[in-house]
Amino acid sequence: MLTFPSLLHVARPASVARLTADADRLFAGGLQSANYPQIGLWANEEEAIVRAELPGLDAGDIEVEIKENVLRLSGEREANKEREYVRRERFSGSFDRRVRLPFAVDADAIKASFTDGVLEVRLPRVEADKPRKILIDHK
């Protein structure tokens, strides 16, 4: 008769192997750039604001582009090659993060700043895309 502990023992090897492989890939710097850098996106009627955490980089290491309401953040973080890692949890390598924006933006008025490892991109909404209040005639 199978008991709960014996079921765990039977089901465990494949799941543990998968978990171990995922953890090894993550900690070996194999984290794919699809989720790096971590971002926050806020929007109101006037603009969208994107903040990305990019510690250890300089502003010159980062490229910011806009095309068809998709913000693209790309660049590369070099691994420290002077040290032999026992464990590395910090991302290194190239990244290419794309974020679809909630509305059309004015590409000529976009402003980006980089302070203390945080990139902030302010993307003003195109005037034609801003919500407008419609007055109702009453007769």
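Tutor: Here is a short walk through the fold, the sheet, the core and a few single residues.

Tutor: Before we start, this is a predicted model, in which local features need pLDDT of at least 70, side-chain atom pairs count only at pLDDT 80 or more, and totals for chains, interfaces and linings use all residues. Residues are numbered from 1 along each chain as its sequence is written, and side-chain values use heavy atoms, with hydrogens and water left out.

Student: Got it. How many helices and strands does the protein chain have?

Tutor: The protein chain has 1 helix and 7 strands. Along the sequence the pattern reads α-β-β-β-β-β-β-β. Helices (H or I, at least four residues) and strands (E, at least two) are DSSP runs, numbered from the N terminus.

Student: And what share of the residues counts as buried?

Tutor: Of the 139 residues in the protein chain, 25% are buried. Buried means under 20% relative accessible area, exposed means over 50%, and partly exposed is in between (1.4 Å probe, protein chains only).

Student: Let's go to the sheet. What is the strand order?

Tutor: There is an open sheet of 4 strands in the order 1-2-7-6, with antiparallel pairing. Two strands pair if DSSP finds at least two bridges between them. Strand 1 and strand 6 (111-115) are at the edges with a single partner strand each, so one side of each has no neighbour in the sheet.

Student: What holds paired strands together in general?

Tutor: Strands of a sheet pair through backbone hydrogen bonds, in a parallel or an antiparallel way.

Student: How many bridges join strand 2 to strand 7?

Tutor: Strand 2 (residues 47-53) and strand 7 (residues 118-124) are joined by 7 bridges and run antiparallel. Within that pairing, Arg 51 has Glu 120 of strand 7 as its bridge partner, and Glu 53 stands opposite Val 118 in strand 7.

Student: What about strand 6 and strand 7?

Tutor: Strand 6 and strand 7 pair in the antiparallel sense over 5 bridges. Here Thr 115 stands opposite Val 118 in strand 7. The hairpin of these two strands has 2 residues between them, and Asp 116 takes a positive phi near 50° there.

Student: Is Asp 116 buried or exposed?

Tutor: Asp 116 counts as exposed, at 79% relative accessibility. Glu 68 also has a positive phi, of about 50°, although it is not a glycine. Glu 68 is in the loop between strand 3 (62-67) and strand 4, and is exposed with a relative accessible area of 66%.

Student: New topic: aromatics. How many aromatic pairs are there?

Tutor: The structure holds 1 aromatic pair. Tyr 36 and Phe 95 form this edge-to-face pair, at 5.5 Å centre to centre and 80° between the planes. Tyr 36 lies in the loop between helix 1 (4-30) and strand 1 (39-43) and Phe 95 in strand 5 (residues 93-100), so the pair ties together parts 59 residues apart in sequence. Rings of Phe, Tyr and Trp (its six-membered ring) pair if their centres lie within 6.5 Å; planes under 30 degrees apart count as stacked, over 60 as edge-to-face and the rest as tilted.

Student: Which residues touch the most other members of the largest nonpolar core?

Tutor: That core has 17 residues, and Leu 54, Leu 71, Phe 95, Leu 101, Leu 119 and Leu 123 touch the most other members. Strand 2, strand 4 (70-77) and strand 7 are the elements that give two or more residues to this core. A nonpolar core is a set of buried Ala, Val, Leu, Ile, Met, Phe, Trp, Tyr and Cys residues joined through side-chain atoms within 4.5 Å.

Student: What does Leu 101 touch?

Tutor: Not counting residues up to four places away in sequence, Leu 101 touches Leu 41, Val 50, Ile 66, Asn 69, Leu 71 and Leu 123. Contact means heavy atoms within 4.5 Å.

Student: Last one: where is Arg 72?

Tutor: Arg 72 is in strand 4, and counts as partly exposed at 25% relative accessibility. Arg 72 and Arg 97 are 25 residues apart in sequence and 5.7 Å apart in space, C-alpha to C-alpha.
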